[in-house]
Amino acid sequence: MAKTSIFFTLFFLSIFSNSIHANNELDSLLIVLEEEMLNQKKYDNLKEQRIDNLKKLKSDNNITLENQYFINNKIILEYEYYSFDNALFYIEENISISEKLNNNYFSKESSLKLAKLLAMSGRFKESIDVLNEIYRANIPRELLQEYYFNYQRCYSELNYYSIVKTTKQKYVNLFQAYKDSLNIEIAKLNPNSLHALALAEEHYRDKKEYVKALELNTKRLSQVKLGTRDYSMIAFERSYTYYDYLNERTDQKKYLILSAISDIKASVKDNASLTTLAVILFEEGYVDKAHKYISFSFDDAKFYNSQLRFLNISNILPLISKSYEKQSTIQKTKLKQSLIFISVLFVILIGLLFYIFDQFKKLKIARNKLKSANNQLKDLNNQLSYTNKDLKRLYEELSASDRIKEQYIGTFLNLYSEYINKLDVYRKMVVKHLTTNKTNALLEFTKSKQVIESELKLFYSNFDESFLHIYPNFVQDMNALLKDDKKIVVKKGELLNTELRIYALIRLGITNSSKISKILRYSVNTIYNYRVKNRNGAINRDEFENMVKKIP
């Protein structure tokens, strides 16, 4: 029974650990994605430079029509997923060149490129019209694969978007027919080529053998690099397999993110990964990110001039935008309330600071009284009975002053740390508000953590000075409790370091690691590790912290 209990405990711990790792990985990937979104202009500029260099090659007056055709093909390849209108312009130019050259291969190749471009942008009827004008018998063998693939793509998409059953079934039949023809052509290829592997992967997916399908997908990914259109498509297909067939949402998001990153690096404007990711995040309640990603996708679709992407985005963009506006309104209201609260809190804090400084003055007076009492002891040895009474009274006053001292130092530190936390909340909320692009000047100010860092530095400085003013020998007394090789060395220019501040708070009666972490603004794990480290290095490990509490 005990062994079974241990087994299940370890099993669930393993699942929990894997879940945390997966979430951390997704968070890291999302950070990379948003960094690449900021770098989009850089990648686009590099693509524009490559295109400009190709266009310059055409400026040679002695260039032949055939060379113009080949250069145009390279330009089309750059524009294919970047700008529909520009890609269309150069394809039509190549069609004109092929007619002038009376070159059947050039003519068929350009027509197939036109059909592919029209299909990719959602213009399926126009694509099919172009394909129908191509005489099958005149197509060179090396172009047959592209010919069948374009037909298959058009009828696959028409089947997906059609709502009439009879029409839908017609598209299914045509899709299957062209798919069979395409399979015959691909079967002639190297079985390790991308096209052959893609066909095999689809075959295993249709047979519901998803493990084998993923193995082939992994093999395909190994043949391409992140930052290429091929990587984007293969990663997108993998995300589709993970969720639609295996119901693995985490892995789906991972490969959608990787696909989106690759699209941005490759300057692919005709993309679907980021839109799909935005929809998923919206369904999970991450409205801010969903709005950011769907807006980014909309700008790409607009730049590319893709009817298909506009259709997909238009179905979800209004809903996300409405939710985002509603959330922004709520955040604006909360921001106003927070500003009022912080202002009131600031006034209260100033008052408390004056009150605490007054208590420090009283502590100083009490210490002076103690010094005076000691001097009187030397002069009043002959009045022992009266001296004992005075000593008792002074001892009580000193104890009371120590209690006041510890109480108000703790109060001061808690209030000051809470103030820093509120300022940090203010900063974060203002940043969120400013992302609506309403107050740019305030956004630049609140992006900086300089205020928080300077306040935190001042807080540590005030704490060190105040504490050592009351316990001037604390560092030496603390080290006296530690082994020689474990003594704490304070760096030049510092009064206390993190370890000493932790034990300074323990000396003041604040022993809870969670409270200490909030005051010093470190993680609970960091506080715990420091405490364990110093306890292990103490001369008397078991009584170490109790002895710290008694440091005079």
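These notebook entries record what I looked up in one predicted model.

**Entry 1. Ground rules**

I worked with a predicted model, in which local features need pLDDT of at least 70 and side-chain atom pairs count only at pLDDT 80 or more, while totals for chains, interfaces and linings use all residues. Residues are numbered from 1 along each chain as its sequence is written, and side-chain values use heavy atoms, with hydrogens and water left out.

**Entry 2. The chain as a whole**

I began with the secondary structure and found 24 helices and 0 strands. Helices (H or I, at least four residues) and strands (E, at least two) are DSSP runs, numbered from the N terminus. Of the 552 residues, 41% count as buried. For burial I used relative accessible area: buried is under 20%, exposed is over 50%, and partly exposed lies in between (1.4 Å probe, protein chains only). I then looked at contacts, meaning heavy atoms within 4.5 Å. Among contacts with a separation of 6 or more, 66% come from residues 24 or more positions apart.

**Entry 3. Nonpolar cores**

I next searched for nonpolar cores, each a set of buried Ala, Val, Leu, Ile, Met, Phe, Trp, Tyr and Cys residues joined through side-chain atoms within 4.5 Å. The largest has 46 residues, and Leu117, Tyr147 and Tyr155 have the most contacts inside it. Two or more residues of this core come from each of helices H2 (40-57), H3 (65-79), H4 (84-101), H5 (104-120), H6 (124-132), H7 (141-161) and H8 (165-186). H7 gives the most, with 8 residues. Another core lies apart from this one and has 37 residues, including Val475, Ile502, Leu505 and Ile510. In soluble globular proteins, nonpolar side chains tend to be buried together.

I also listed the partners of Leu117: not counting residues up to four places away in sequence, Leu117 touches Glu80, Phe84, Ala87, Leu88, Ile91 and Tyr304.

**Entry 4. Glu201 and two arginines**

I followed two arginine side chains to Glu201. Arg220 lies in helix H10 (residues 210-222) and is buried, at a relative accessible area of 6%. The side chain of Arg220 makes a polar contact with that of Glu201 at 2.6 Å. A polar contact is a pair of N or O atoms within 3.5 Å; within protein, one must be able to donate a hydrogen and the other to accept it, and residues adjacent in sequence count only if both atoms are side-chain atoms. Beyond four places in sequence, Arg220 touches Leu194, Leu197, Ala198, Glu201, Ile234 and Glu237.

Arg205 is in helix H9 (residues 194-206) and also counts as buried, with 11% relative accessibility. The side chain of Arg205 makes a polar contact with the side chain of Glu201, at 2.9 Å. Leaving out residues up to four places away, Arg205 touches Tyr210, Ala213, Glu237, Thr241 and Tyr245. Arg205 and Thr241 are 36 residues apart along the chain, with 7.9 Å between their C-alpha atoms.

**Entry 5. Two residues at 0% accessibility**

I placed Asn72 in helix H3; it is buried because its relative accessible area is 0%. Residues up to four places away aside, Asn72 touches Lys58, Tyr90, Glu93, Asn94 and Ile97.

Ala504 is in helix H21 (residues 498-507) and counts as buried at 0% relative accessibility. Its contacts outside four places in sequence are Phe463, Phe467 and Phe474. I also noted Asp464, 40 residues from Ala504 in sequence and 9.0 Å away, C-alpha to C-alpha.

**Entry 6. Positive phi in loops**

I found that Asn247, although not a glycine, has a positive phi of about 55 degrees. Asn247 is in the loop between helix H11 (229-244) and H12, and is exposed at a relative accessible area of 57%.

Arg521, another residue other than glycine, has a positive phi near 65 degrees. This arginine is in the loop between helix H22 (513-520) and helix H23 (524-536), and counts as partly exposed at 26% relative accessibility.
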